[in-house]
Each structure stands twice: as structure tokens, then as C-alpha cells.
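Please keep the sequence and the coordinates in view while reading.

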Amino acid sequence: MVADLLVAVAAAGSAGVVYLAAAVRVVKQYERGVLFRLGRVSGDVRAPGLNLVIPFVDRLQKVNMQIVTMPVPAQEGITRDNVTVRVDAVVYFRVVDATSALVKVEDYKFAVSQMAQTSLRSIIGKSDLDDLLSDREKLNQGLELMIDSPAVGWGIQVDRVEIKDVSLPDTMKRSMARQAEADRERRARIINADAELQASKKLAEAAQQMADTPTALQLRLLQTVMAVAAEKNSTLVLPIPVELLHFLERGGRPSPADQDRGPAPGHTDGGPERHTGGTPPLPLTETGDSLPVTGTGDTLPVTDTGGSPQLPVTGTDGTPQVP
């Protein structure tokens, strides 16, 4: 009798342990439990910790409440300015209503993924290429709003959407590289021209200062010679001032005052001479030629030193002139 009682107690205890093991559910801190009793949602969402359910009647389904990072596959589309691009993104979302996430949508992760892909295609078609490359913050906000609007009804909250990469065709990359190179060259030329303008103004001021103080030019020349000599070159370049060249050029030809002044006594160098009366001198020619006489239409023959005497010359009044 006692043995039968002990066997019954042991059997009841074993059954209780099995029942308790089947009824106990543990919900982790980052999870929430939704209880389905005979297929219907029963009670509130179960909090983290130890929870008891009725075996074979209740079914406790756990929902992860952590932020989910979901990559969006690269989507190919045509921008508003007719450029074919491939854009991929990443979506950060989390479940805020565990019951809605299980009841209102079959698979909330798959639903968010499909919604992100379609929204990304729509954003590509509405944007220009420059906006995709430079104004991504605005596009991220628009993409987040497009995904978050339907996801709110599923108990999903979209925290952030980021466009990761924009892939361009090779031809477009080369065109953009040429454009960037041309723009940089334009800016370099503008900067160089501005530098030349400022340098020319400073040089003009320096030239004016040196013109007021000629000694400064000599000091500058000596500094240049010292700078060239410090390089230990075999060739020494010595610049010649422009004023020295002008001085040498003026010294090679007679001044206007010397041309107007008459020749010195005994001057027979064949240079330009004038008589005291202002008449041009007689040109010196070889022997046997004739010399013109000013004021008459006659000519005067020229002979050697020991030749025959010169012929008389008729003057302006018609009377013979004896040499």
C-alpha cells in the first residue's frame, strides 16, 4: 500500500515537473513576448523575465526590440537629368509595437526591405546627379520619410536611412574627371593672373622708388651679383643697366648743337660742315670732277696740287671771279 502511494506521488511529481517545464517561458531583456491563446492575442505584451503559459493552449512568440541594420541592395535607375546610376543604401529601424509587427504584417523585415528598395528607386528618378553626389543629407531625409510612412502602421520605427555608394558609368566618370580638371586649371590660371597683377603693382612701386633713389638700383645689382656668385657657377652673369646702353647710344652720334655749329679751322674730316653764311659746303670729290658753285649754274673743275690753275668762275652778277 505504501509502495503504491509512493509510486503515485512520484508519478504526480514527474508530471508536475514536465508540465512546469512546458509552461515556463523566459523572455530576454531585449525581447517582448506576444501570447496567442488558441490563435488569438491574449493579454498585454509579456515583459522580460519568467512567464508561464498553458501548454498546448498558449503560444508565446518573442519579438526582438533591438535596432536592426538592414542593407538595401543596389538599385539601378535613371536620374532626372538622364544619367544611369546604381545606388545602395542601409536602413536602421526597430520594432516599437510587437503585437502590430506580428499581426499586421507577415514578415516585417522583408516588408521594410521591399519598401526601402522601391523608395530608393523613386528617389533616384526624382533627383539630379549632382544632388546624389553632393546633397545626400536631403535625400536621406526624403528616403527616411518615404519608408517610415507605411512602416508606422506595422509597429516599425525607422531611425535612419543612409545612401552608401553611387556607382557611375565609366564614360561619366571620365567626363566628370575632365570637368574637374578643367575647373581646377581655370582656377589656377585665375590665381596666377591675380598674382601677376599684384606683382606688377609691387614692381611698379619698386621702380618708382628706385627712380627717386638711383643708389638703390646699384645696391640691387650688387645683391644680384652676390646671389649668382653664391651658387658656385663657372659663368657669371652681369646685367647691364638700360641707362648705360642709352648713354652709349647717344655718345655714338653728334648732338644737334654740334651739327648747327660751324667746322673748326683746318677741319677736313668730310663730316657735315656749313659756312658762316649758312650755305652748304662744297662736297669733296676726286680729281677730274667738277664742283658745283652755290648761286650759279657753273661748275668749277678741280685739279691736282701741281696742276694747272683753276678756271675763272662767273659770279652771281656776271663778272668773272679770279680765284
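Contact here means that heavy atoms lie within 4.5 Å. The model is predicted.

Ile 163 belongs to strand S8, which covers residues 156-167. Leaving aside neighbours within four places in sequence, Ile 163 is in contact with Val 87, Asp 88, Ala 89, Arg 136, Leu 139 and Asn 140. The C-alpha atom of Ile 163 is separated by 8.8 Å from that of Leu 132, and these two residues are 31 apart along the chain. Ile 163 has a relative accessible area of 7%; because buried means under 20%, Ile 163 counts as buried.

In soluble globular proteins, nonpolar side chains tend to be buried together. The largest nonpolar core of this model has 36 residues, and those with the most contacts inside it are Val 85, Val 91, Phe 93, Tyr 108 and Ile 156. Elements that give two or more residues to this core include strands S2, S6 (68-78), S7 (84-95) and S8, together with helices H2 (98-103), H3 (108-126), H4 (129-134) and H5 (136-151). Helix H3 gives the most, with seven residues.

Not counting residues up to four places away in sequence, Phe 93 touches, among others, Met 70, Tyr 108, Val 112, Ile 156 and Val 158.

Note on methods. Residues numbered from 1 in each chain as written. Predicted model: local features only at pLDDT ≥ 70, side-chain atom pairs only at ≥ 80, totals over all residues. Heavy atoms only, no water. Helix = DSSP H or I, 4+ residues; strand = E, 2+ residues; numbered from the N terminus. Buried < 20%, exposed > 50% of the residue type's maximum accessible area, 1.4 Å probe, protein only. Core = buried A, V, L, I, M, F, W, Y, C linked by side-chain atoms within 4.5 Å.
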